[in-house]
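User: Please take a close look at one part of this model, the pocket lining and whatever bears on it.

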Amino acid sequence: MAEVGRRSLLSCPVASTNLRTERLELRPVRDEDIDRILEYRNLPEVTRWLLRTDVDPAAFRAAWRRSAEDPHDHRVAVTRDGVVIGTVSLDVRTSMGQPGTPPGTEAEVGYIFDPRYGGHGYATEAVTAMVSYSFARLGVRRITAGCYADNLASVRLLEKVGMRREQHGVGNSWHAELGWVDGYTYALLAEEWSKQP
Ligand SMILES: CC(C)(COP(=O)(O)OP(=O)(O)OC[C@H]1O[C@@H](n2cnc3c(N)ncnc32)[C@H](O)[C@@H]1OP(=O)(O)O)[C@@H](O)C(=O)NCCC(=O)NCCS
């Protein structure tokens, strides 16, 4: 189990993501976690700003199983005192570029937390740990995240983690209730991360 501080990662197993922060544990999702995640995943306050709104339980379970076999998929369950309180996804991919582009150096991060555990900084703590882990252990050089501009909790979280807003897409994102709305893309380079205080 690795201890993950804001900047440091002491050690970690190679095969799967197992991290520990001050208050949280980040570990692969287990089959028995799925029912617990489904307790909050389809709540209106959770789905309001998600691209995938309601998820079908069977398809959801199958997707988690598939992801466990994908070496580029580093999604984790976040637990507090043994209870799953959220998930963080991290998909490693190859950046755009001409032939010769180094593979697998960019990652997209995402996060969904149970609102019952909201407002304690847990999501920020978990995402920070995953960012640190990606740069330190996965050979990632650039992390991105996208959100609706009006998803204020997500915007705040990304800015607290130290990510830079590099795109404001005016009317670029469809929302089922609101129609075309603005979206943001955030990014962070490993070199920016290492320079942060
Ligand atoms: C985004 C999400 C993970 C944030 O969870 P959280 O428990 O609020 O996260 P944290 O406690 O770590 O911090 C969030 C920050 O946003 C702020 N925040 C939360 N809700 C806010 C709101 N409605 N308006 C403005 N700021 C808000 C918090 O105050 C906190 O900032 P602070 O520490 O400066 O006070 C959670 O809201 C969630 O799971 N939402 C549903 C799924 C989702 O939208 N995921 C992101 C898709 S892009």
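How do the residues of the lining of the largest pocket divide into nonpolar, polar and charged?

Analyst: The lining of the largest pocket divides into 22 nonpolar, 13 polar and nine charged residues. Here Ala, Val, Leu, Ile, Met, Phe, Trp, Tyr, Cys and Pro count as nonpolar, Asp, Glu, Lys and Arg as charged, and the others, including Gly, as polar. The model is predicted, with pLDDT of at least 70 required for local features and 80 or more for side-chain atom pairs, while totals for chains, interfaces and linings use all residues. Numbering runs from 1 along each chain as its sequence is written, and side-chain values use heavy atoms, without hydrogens or water.

The volume of the largest pocket is about 1,400 Å³, a volume being the space filled by probe spheres set on grid points joined across faces, edges and corners. A pocket is an open set of points on a 1 Å grid over the protein atoms alone, where a 1.4 Å probe fits and protein lies on both sides within 12 Å along at least five of seven lines; lining residues have an atom within 4 Å of a point. Of the 44 lining residues, L50, G110, Y111, I112 and N151 are closest to the centre. Two or more residues each come from α2 (44–47), α3 (57–68), β5 (83–93), β6 (106–113), α4 (122–137), β7 (142–148), α5 (152–161) and β9 (179–189). β6 gives the most to this lining, six residues. Helices (H or I, at least four residues) and strands (E, at least two) are DSSP runs numbered from the N terminus.

The ligand takes up the space of this largest pocket, the test being that more than half of its atoms lie within 2 Å of the grid points. Around the ligand are 20 residues, of which F113, G121, T124, R156 and K160 come nearest; a residue counts if one of its heavy atoms lies within 4 Å. By class, this shell has ten nonpolar, eight polar and two charged residues. α5 gives the most to the shell, five residues, and β6, α4, β7 and α5 each supply at least two.

An N or O atom in the side chain of T124 is 2.6 Å from a ligand oxygen, and the corresponding distance for the side chain of R156 is 2.7 Å. Alone, the ligand exposes 940 Å², of which the protein buries 68%, by the Shrake-Rupley method with a 1.4 Å probe.

Terms used:
A polar contact is a pair of N or O atoms within 3.5 Å; within protein, one must be able to donate a hydrogen and the other to accept it, and residues adjacent in sequence count only if both atoms are side-chain atoms.
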